[in-house]
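Dear colleague,

Please find below the structure I would like to hand over to you. My findings follow directly after it.

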Amino acid sequence: MTSQDDLFHPVIELPEPTRRARYDRLIGLDSTKLRLRKEAALLADPRRLQAWAVTHHGGDVAALTLFVDRAPLFVFAGDVGSGKSALAESFGCDLADFLSLPVYLYRLKLATRGSGLVGEMTSLIGDAFTHMHMVGRRVSGPQGARAVQILVVDEADALVQSREAQQMHHEDRAGVDAFLAGIDSLAGAQLPVVVVLCTNRLGALDPAVMRRAAATFTFARPDDAQRHAVLTQALGGLDIRPETVRKVVELTGPTGICPGYTFSDLTQRLVPAAVFRAFPDRPVTDDDLLALAEELEPTPVFIEER
Ligand SMILES: Nc1ncnc2c1ncn2[C@@H]1O[C@H](COP(=O)(O)OP(=O)(O)O)[C@@H](O)[C@H]1O
Ligand SMILES: [Mg+2]
């Protein structure tokens, strides 16, 4: 069996201030955040739903049975730079506060694998789920969960590509099957384990994976108001005029066939580029931002190749 260090990046205990701040800074995801909190809380501690039914409906609620065998899987799909990884790795802070329990964040080391030996992907996935069962059992008991474990499978594009996709090698199919088996083994196991799968390709996602997901969240590029909010946040303290911010919002929006900026185009390219223009000799000016917003190309839209 693969050791924990080979399966996962270092495990992180949440809440933790850096990730908490990152969670709070994510814009336009309020409904996703709320749904995620409720879904994850119920998966982690199903007794909460029973308690709710007793309080508000006197107990006997047929709908409760619908929740019993759900697979603890959330799919985050959508454009690059739209906050999938940021949310997957930070919503545990909110969950920890909501449940008053520690939350442990496990991130599967997937990106470094995949092209290796036949069976490597399969055993990696299998071992990861076995490990989650073990840690899940360790923190669950008759009084309910003492902690929640979140497993994030990021950049899972290759792993969960449709089994029908052509030119797929045997090894990739085995990865999908191993993932499905892992998810099925968690469904109904009553362990406080939640799996989040992130992918840039909604279209190529295996239908069997989609079907199992308790919820699929689609992430998109920011609209005008969201770009305004992100820019206002990112430009704080730089003394940029409000009308300049509005102009940049305009310049970074979609035009005709050209897509608008992604969230990360704003936070990781535009604003840092403005700072680097000015640093170390002078302050950032409104013209820096306007010139860069004209000049930088938004990240191209990911085209599904099928
Ligand atoms: N909804 C958002 N609100 C604010 N900033 C965002 C948002 N989405 C992405 N960002 C910024 O872009 C960066 C990269 O996002 P990330 O979560 O890695 O994107 P993805 O995983 O979807 O490709 C984040 O660290 C953050 O600075
Ligand atoms: Mg990502």
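In this predicted model, ring pairs join Phe-74, Phe-76, Phe-217 and Phe-219 into a cluster. Rings of Phe, Tyr and Trp (its six-membered ring) pair if their centres lie within 6.5 Å; planes under 30 degrees apart count as stacked, over 60 as edge-to-face and the rest as tilted. A search of the whole structure gives five aromatic pairs. One of them, Phe-76 with Phe-217, is edge-to-face, at 5.8 Å centre to centre and 80 degrees between the planes. Phe-76 belongs to strand 2 (residues 73-78) and Phe-217 to strand 6, so this pair ties together parts 141 residues apart in sequence. Helices (H or I, at least four residues) and strands (E, at least two) are DSSP runs, numbered from the N terminus.

Phe-76 has 0% relative accessibility and therefore counts as buried (under 20% relative accessible area, with exposed over 50% and partly exposed in between; 1.4 Å probe, protein chains only). Phe-217 is buried at 7%. Phe-76 and Phe-219 form a tilted pair, with 5.1 Å centre to centre and 40 degrees between the planes. That pair links strand 2 with strand 6 across 143 residues, and Phe-219 is buried as well.

As to the sheet, six strands form an open sheet in the order 1-3-4-5-2-6, with mixed pairing; two strands pair if DSSP finds at least two bridges between them. Its edges are strand 1 (12-14) and strand 6 (215-219), each pairing on one side only. Strand 4 (residues 148-153) and strand 5 (residues 193-199) pair in the parallel sense over five bridges. Leu-197 in strand 5 is the bridge partner of Val-153.

Helix 8 (residues 120-138) lies across strand 3 (103-107), strand 4 and strand 5, at about 165 degrees to strand 4. Here, contact means heavy atoms within 4.5 Å; axes are lines fitted to C-alpha atoms, for helices over the stretch in contact, and angles run from 0 to 180 degrees between N-to-C directions. Seven of the nine residues of helix 7 (residues 91-99) are buried, so this helix is largely enclosed by the rest of the structure. Just after helix 7, Ser-100 has a positive phi of about 55 degrees.

Residues are numbered from 1 along each chain as its sequence is written, and chains are lettered from A and ligands numbered from 1 in the order in which they are written. Local features need pLDDT of at least 70, side-chain atom pairs count only at pLDDT 80 or more, and totals for chains, interfaces and linings use all residues, while side-chain values use heavy atoms, with hydrogens and water left out.
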